[in-house]
Amino acid sequence: MTDKAPVDAVDAIADQWFAVRPDLDTAPMAVFGRIYRISKAMGDAMEKAYARYGISRGEFDVVATLRRSGSPYTLSPRQLSATLMLTTGGMTGRLDKLEKAGLLRRSPDPDDRRGLRVTITDRGLALIDEAVAAGLEVQREALTGLDEAEIATLTGLLRKVMAGTP
């Protein structure tokens, strides 16, 4: 692959593949290997940041989805499941825990006798506003090696890659 020493673990892996299979183009591996490793590291960092608020990343996602839906911060369990790409069973477990913690409440849907509405509580609203700020700070720290133009370029490039993924 290159004559220089590996810069990171992904370079080392690509160099090893080049040594045994020089016919392969490992450029995609270099991109997605880094995306995967960054995702894993940031997922762990976000989990740690949200743990200070007594919630997991998955629970954060539920409360954050309600918060960003705007006032009155109410969605159906089906809307939450679709937004978060969760099964109804997975959603029920998260809702049970968050309701028990007083961060949201479930109530009958006034427009559908069989339906429910999930609403963030005042306690949940205060918690999510703090947690989202803490999470953004962790993300901001991870980008300290980039200037604003580089962040904009990276964002645009990743958007293009995401548009092309299956």
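Residues are numbered from 1 along each chain as its sequence is written, and side-chain values use heavy atoms, with hydrogens and water left out. Because the model is predicted, local features need pLDDT of at least 70 and side-chain atom pairs count only at pLDDT 80 or more, while totals for chains, interfaces and linings use all residues.

**Exercise 1.** Determine the strand order of the sheet and the pairing of its strands.

*Solution.* Helices (H or I, at least four residues) and strands (E, at least two) are DSSP runs numbered from the N terminus, and two strands pair if DSSP finds at least two bridges between them. Three strands form an open, antiparallel sheet in the order 1-3-2, with strand 1 (74–75) and strand 2 (104–109) at the edges, each pairing on one side only. Strand 2 and strand 3 pair over six bridges; a hairpin connects them through two residues, and Arg105 stands opposite Thr119.

**Exercise 2.** Find which residues have the most contacts inside the largest nonpolar core, and which elements supply that core.

*Solution.* A nonpolar core is a set of buried (under 20% relative accessible area, 1.4 Å probe, protein chains only) Ala, Val, Leu, Ile, Met, Phe, Trp, Tyr and Cys residues joined through side-chain atoms within 4.5 Å. The largest one has 24 residues, and Ile55, Val62 and Leu80 have the most contacts inside it. At least two residues each come from helix 2 (27–51), helix 3, helix 4, helix 5 (88–100), strand 3 and helix 6 (122–142), and helix 3 supplies the largest share, five residues. Finally, inspect Leu80: leaving aside residues up to four places away in sequence, its contacts (heavy atoms within 4.5 Å) include Val62, Leu75 and Val118.

**Exercise 3.** Describe the volume and the lining of the largest pocket.

*Solution.* On a 1 Å grid over the protein atoms alone, a pocket is an open set of points where a 1.4 Å probe fits, with protein on both sides within 12 Å along at least five of seven lines, and lining residues have an atom within 4 Å of a point. The largest pocket holds about 1,000 Å³ of space; among its 22 lining residues, Ile38, Ser39, Met42, Gln139 and Leu158 lie nearest the centre. Helix 2, helix 3, helix 6 and helix 7 (148–163) give two or more residues each, and helix 2 gives the most, eight.

Terms used: Buried < 20%, exposed > 50% of the residue type's maximum accessible area, 1.4 Å probe, protein only. Points joined across faces, edges and corners; volume = space filled by probe spheres on them.
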